[in-house]
Amino acid sequence: MKTIKFLSLAALTGLFFVSCSSDDNDPEPVVEEETITTMTVSLVPQGGGDTITLQTRDLDGDGPNAPVITVSGNLAGNTAYDGTIVLLNETETPAEDVTEEVAELDEEHQFFFQTTGSIGSVTYGDTDGNGNPVGIVFTLNTDTAGAASITITLRHEPKKPNNGTLSDAGGETDIAETFDLTIG
């Protein structure tokens, strides 16, 4: 009886060592998707004036509460704005600055800007290590007075290079929000 128990134990131990062997000494690191609760976009007029802040804040994530979306004021017509985006995970204390991670992993991220109405153009102000756009920094140019909107989408692992559209880029959306604007 002792021999059977010993042989059973030896067989199980052998299976354990066989199943735990590793053929890959350098496994790929697992990059988890970012938790982003808050996106703050600052628009600073190049000719001077008040900074306009666009913000979406969703502290319960996919919970029952809708995100709180704010726009601090109207944009001036025919004006160029220097834009920057800050992303936070406010489920942690202190809040984690996710923008730093996006900048470090810039080849795996890209912001996309879809506009309507009185916004003339949005141009990227930063690139990743391969020269592809990222979008943490950008320039927004307004047209004449009127209504406008801008949808800002951060894609994780988009195809790069791409033609600047979400459909061509693929990847997964980390955060997306539409801001309704007035150009004065």
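This is a predicted model: local features need pLDDT of at least 70, side-chain atom pairs count only at pLDDT 80 or more; totals for chains, interfaces and linings use all residues.
Reader: Which strands are joined to β9 by bridges, and in what direction do they run?
Author: Strand β6, residues 109-117, runs antiparallel to β9 and is joined to it by nine bridges, and within this pairing F113 stands opposite I152. Strand β10, residues 172-183, is joined to β9 by eleven bridges, with T151 opposite T178.

Reader: How many residues of β9 are buried?
Author: For the chain of 184 residues, 33% count as buried. Strand β9 covers residues 146-156 and is mostly covered, its buried residues numbering nine of eleven.

Reader: Which side chain makes a polar contact with the side chain of E177?
Author: E177 has its place in strand β10, and its contacts beyond four places in sequence include I150, T151 and I152, as well as M39 and T56. Although E177 is buried, it has no salt bridge, and the nearest side chain of opposite charge, R57, is 12 Å away, whereas a salt bridge needs the charged atoms within 4 Å. The polar contact, at 3.0 Å, is with the side chain of T56.

Note on methods:
Residues are numbered from 1 along each chain as its sequence is written. Side-chain values use heavy atoms; hydrogens and water are left out. Buried means under 20% relative accessible area, exposed over 50%, partly exposed in between (1.4 Å probe, protein chains only). Helices (H or I, at least four residues) and strands (E, at least two) are DSSP runs, numbered from the N terminus. Two strands pair if DSSP finds at least two bridges between them. Lys and Arg count as positive and Asp and Glu as negative; His and the chain ends are not counted. A polar contact is a pair of N or O atoms within 3.5 Å; within protein, one must be able to donate a hydrogen and the other to accept it, and residues adjacent in sequence count only if both atoms are side-chain atoms. Contact means heavy atoms within 4.5 Å.
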